[in-house]
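Thanks for coming. Please have the sequence and the model open.

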Amino acid sequence: AADPQLGLSGLAVIAAAAVCWRFPTAAVIALFTTSAVQASVLAFFDFDLVRVADLILAGLWLGFLVRLAIGGREREAIVWPAVLACLGYLAMTATLALTAGPGLGMPAFRVAAWFMLAFLLIAYASFPDATRLRIVRGVVAVTAAVAAYAVLRWLIGPAAEEEAQALSAA
């Protein structure tokens, strides 16, 4: 009641979970795209896409946890040693984030680990093979477009807005 924005954000995550699990290919590709183009969008339009990516990722995680709770897994999950190492890193990072000083821990976790959780989610989400194939094709297409834009900027130089954004971030 003291913070209505918090309540609205909870409803937004629930709505995002419903949409993301109804359209998983579009959700994962949108997550990848927003993460890939965030700096340029921020430079040109002064709009921070990271919040959109946060909402998509939170929606995917909530949907995954609900499916896991109701037993929606079709195949056995194999936990490889590299995944265990990653989970250990994430657990340490989360522990440090929770014990850090006020205003330091959660932003650090968001930068260092939150988006790293996406690969675990996609790997263990138990999407059908056709959905995984569409996700892979979409990610490859986004990667090609971002790489082409990077080559273009390398050839002609950065836009003034992007250069200012990069310098202010540094």
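Is the crossing of H2 and H7 right-handed or left-handed? The crossing of these two helices, H2 and H7, is right-handed. Keep in mind throughout that what you see is a predicted model.

Some orientation before the details. The protein chain holds eight helices and zero strands. Read along the sequence, the pattern is α-α-α-α-α-α-α-α. The C-alpha trace spans about 50 × 45 × 35 Å along its principal axes.

Helix H2 covers residues 24-45, and helix H7 covers residues 129-156. Their axes lie 7 Å apart, and the packing angle is about 15°. Angles under 35 degrees count as roughly parallel, so H2 is roughly parallel to H7.

Now the residues at that contact. On the H2 side we have Pro24, Thr25, Val28, Ile29, Phe32, Thr33, Ala36, Val37, Ser40 and Phe44. They meet Thr131, Arg134, Ile135, Gly138, Val139, Val142, Thr143, Val146, Tyr149 and Arg153 in H7. By class, the contact of H2 with H7 has 12 nonpolar residues, six polar ones and two charged ones.

The next partner is H3, which runs over residues 50-69. How do H2 and H3 lie relative to each other, roughly parallel or roughly antiparallel? Their axes come within 9 Å and cross at roughly 155°. That angle makes H2 roughly antiparallel to H3. The H2 and H3 crossing is left-handed, whereas the one between H2 and H7 is right-handed.

From H2, the contact with H3 uses Ala27, Val28, Ala30, Leu31, Thr34, Ser35 and Gln38. From H3, it uses Val50, Val52, Ala53, Ile56, Leu57 and Leu60. The classes here are 10 nonpolar, three polar and no charged residues.

H2 passes H8 in a right-handed crossing. Ala39, Ser40, Leu42, Ala43 and Phe44 of H2 make this contact with Glu161, Glu162 and Gln165 of H8. The contact of H2 with H8 divides into four nonpolar, two polar and two charged residues.

How much space lies in the largest pocket? The figure is about 330 Å³. Its lining consists of Asp3, Gln5, Leu6, Leu8, Ser9, Ala12, Val13, Arg51, Asp54, Leu55 and Ala58. Helix H1, residues 4-22, and helix H3 each supply at least two residues of this lining. H1 gives the most, with six residues. By class, the lining of the largest pocket has six nonpolar, two polar and three charged residues.

The second largest pocket holds about 220 Å³ of space. Which helix supplies the largest share of its lining? The answer is H7, with five residues. H2 and H7 each supply at least two residues, which brings us back to the pair we began with. The lining is made of Ala36, Val37, Ala39, Ser40, Ala145, Val146, Tyr149, Ala150, Arg153, Pro158 and Glu162. Divided by class, that gives eight nonpolar residues, one polar residue and two charged residues.

Some of these names have come up already.

Methods:
Residues are numbered from 1 along each chain as its sequence is written. This is a predicted model: local features need pLDDT of at least 70, side-chain atom pairs count only at pLDDT 80 or more; totals for chains, interfaces and linings use all residues. Side-chain values use heavy atoms; hydrogens and water are left out. Axes are lines fitted to C-alpha atoms, for helices over the stretch in contact, and angles run from 0 to 180 degrees between N-to-C directions. Helices (H or I, at least four residues) and strands (E, at least two) are DSSP runs, numbered from the N terminus. Angles under 35 degrees count as roughly parallel, over 145 as roughly antiparallel, 65 to 115 as roughly perpendicular and the rest as oblique. A crossing is left-handed if the near helix is turned anticlockwise from the far one by less than a right angle, and right-handed if clockwise. Contact means heavy atoms within 4.5 Å. Ala, Val, Leu, Ile, Met, Phe, Trp, Tyr, Cys and Pro count as nonpolar, Asp, Glu, Lys and Arg as charged, and the others, Gly among them, as polar. On a 1 Å grid over the protein atoms alone, a cavity is a set of points where a 1.4 Å probe fits but cannot get out, and a pocket is an open set with protein on both sides within 12 Å along at least five of seven lines; lining residues have an atom within 4 Å of a point. Grid points are joined across faces, edges and corners, and a volume is the space filled by probe spheres set on the points.
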